Amino acid sequence: QIFYTRQAFILVLVFFYPVYSFLTRLFVLLAVKAYNIGVGCCLHFLFKKEASHMGKQVKSQKHSPFSFLSKGKSPAMKTLVFCVSTVFIFLLLCWMLFRLISPQKQRFTVNQAADFYLVNSKSIQSYQLQNDQFQLMKTEDVSIAEDVNFWFPQGRFDNRYLVFSSGNTRGKASTQNIVSLDFQTGDIWKTSTPFYAYSGAGVSDKFFYTGQTTTEDGVLSMFDISGKLITQKTFSESTSFPIQFHGRGNRLYLGLGFHDESRQRPALVFDGYLVELDENDQLKELSRTPLTSEGKIVEMLTSSELIGDNYYSSVAYTRNTETFSKDPDNRILVMNLSSKEKHFITLPENNPNLLYKTPKEDRLIVKHEADGNDRCALSIVNLSDESSYLINVRKDLPDSTEEIIHINTSLTNKVLVVTNQHFLLYSLENGQLLTKTKLELKQNDFPIATWFQN
């Protein structure tokens with residue numbers, strides 16, 4: 001039912017977005033025109049009514065809830081009041097429509113002395129980091145987003161903009177936004193959209209993407225750094241989106257799942273394909289390369305990353321096409337983009353999902369799913385020899401309900417882990433915990449992302 005509701009929203013709003021900019025640009029002109037027309041009508045009726053009632057007896061008006069507007073006034077004056085009221089109501093409705101479709105703008109204070117920011121749902125905090133110790137400088141209360149899925153990635157553009165999606169299928173329409181923060185000016189933009197991420201999200205050099213799937217199709221939406229919808233691509237078949245995907249050099253590499261009848265799979269089994277799209281040509285499909293194996297065991301791919309000439313995708317589970325069993329897996333699929341050759345990296349823990357590369361692109365950091373238990377762990381992969389080791393974050397957390405909300409790899413040879421309640425800084429050389437700091441958040445405030453100053 002949720003899927004069909006979303007389809008109905010798309011059918012209604014797909015015609016609204018192409019005229020979005022047209023409506024906003026012409027709003028002022030429309031208001032002026034309406035005012036001129038209203039005044040003209042008032043003058044017309046004023047003189048017409050005065051002439052038509054000369055020498056005639058006018059019947060008394062019946063009482064109504066709006067009698068106070070016309071009591072004791074001439075018919076011409078009543079008409080004038082009615083016309084002016086109508087114009088006022090019309091302008092008010094236009095203003096409300098303008099407010100509804102325009103991006104909401106807020107602002108936070110840029111702190112030049114801060115090393116990094118913690119962006120929360122209801123605040124932005126500036127921090128200094130010295131000798132691996134976190135020092136809170138300032139907390140500024142500002143509404144950022146109410147409903148953020150921390151499994152979906154955020155976009156970071158031009159060393160200036162942080163962009164992410166908020167909203168879910170069961171939430172309020174007011175929470176369905178593309179949120180953009182400018183760390184040079186402090187501007188915060190919230191652009192309302194029905195095309196928020198609920199199946200996956202992606203980032204390229206210049207654009208932020210969201211993915212939405214139904215039982216019948218999949219919709220990929222491209223946004224600029226301000227949250228403006230640029231274009232969309234619809235896959236007219238049942239589609240499985242990755243949680244995380246990336247692009248570069250005007251190409252988007254999207255690991256999609258489709259039901260491949262040529263492989264004679266059961267109806268609900270999806271094979272993975274790497275779909276290459278052209279950002280300069282309305283997301284035109286350039287190629288589609290098979291990712292999953294041909295046999296009865298099919299890899300279930302979740303997230304992806306691009307490093308060098310290789311495409312990496314986490315294998316959280318496998319599906320047996322004969323027994324239909326879903327079994328945990330502990331591998332990373334690696335495909336060379338030039339030769340299309342594939343191999344696997346084996347990890348020390350099951351259920352890998354989100355992937356993060358370090359600034360030097362020498363390591364791959366893997367976040368594992370909990371998979372029904374209290375697992376909270378990272379795998380660190382050395383890409384030079386594809387060896388790996390495990391960081392058990394759970395043992396460093398006092399509360400079993402804590403989970404990893406955000407990961408930042410900006411620091412050299414270190415990884416910053418943000419949970420519901422703590423900062424944890426680990427060395428990438430040996431996985432040692434360097435420091436742990438409790439977050440200072442108000443009630444019902446939760447972390448979303450970090451932003452390091454360059």
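Reader: In this predicted model, how many bridges join β26 to strand β27?

Author: Strand β27 covers residues 414-419 and runs antiparallel to β26. Within this pairing, I404 stands opposite T419 in β27. The number of bridges joining β26 to β27 is 4.

Reader: Which strands stand at the edges of the open sheet of 4 strands?

Author: The sheet has the order β26-β27-β28-β29, with antiparallel pairing. An edge strand has a single partner, so one side of it is left without a neighbour in the sheet. The strands in that position are β26 (404-408) and β29 (433-438).

Reader: Which residues touch the most other members of the largest nonpolar core?

Author: This core holds 29 residues. Among the elements that give two or more residues to it are β24 (377-382), β26 and β27. One of its members, L378, is in contact with I365, V393 and I404, among others. The residues that touch the most other members are F208, I365, L378, V393, I404 and Y426.

Reader: Is the pair of F116 and F452 stacked or edge-to-face?

Author: F116 also pairs with F423, at 5.7 Å centre to centre and 75° between the planes, which is edge-to-face. For F116 and F452, the ring centres are 4.7 Å apart and the planes stand at 15°. Planes under 30 degrees apart count as stacked. The pair of F116 and F452 is therefore stacked.

Reader: What is the relative accessible area of F116?

Author: F116 lies in strand β2, and its partner F452 lies in strand β30, 336 residues apart. F452 is buried, with a relative accessible area of 12%. F116 is buried as well, and its relative accessible area is 0%.

Key: Residues are numbered from 1 along each chain as its sequence is written. This is a predicted model: local features need pLDDT of at least 70, side-chain atom pairs count only at pLDDT 80 or more; totals for chains, interfaces and linings use all residues. Side-chain values use heavy atoms; hydrogens and water are left out. Two strands pair if DSSP finds at least two bridges between them. A nonpolar core is a set of buried Ala, Val, Leu, Ile, Met, Phe, Trp, Tyr and Cys residues joined through side-chain atoms within 4.5 Å. Buried means under 20% relative accessible area, exposed over 50%, partly exposed in between (1.4 Å probe, protein chains only). Contact means heavy atoms within 4.5 Å. Rings of Phe, Tyr and Trp (its six-membered ring) pair if their centres lie within 6.5 Å; planes under 30 degrees apart count as stacked, over 60 as edge-to-face and the rest as tilted. Lists of a residue's contacts leave out its neighbours within four places in sequence.
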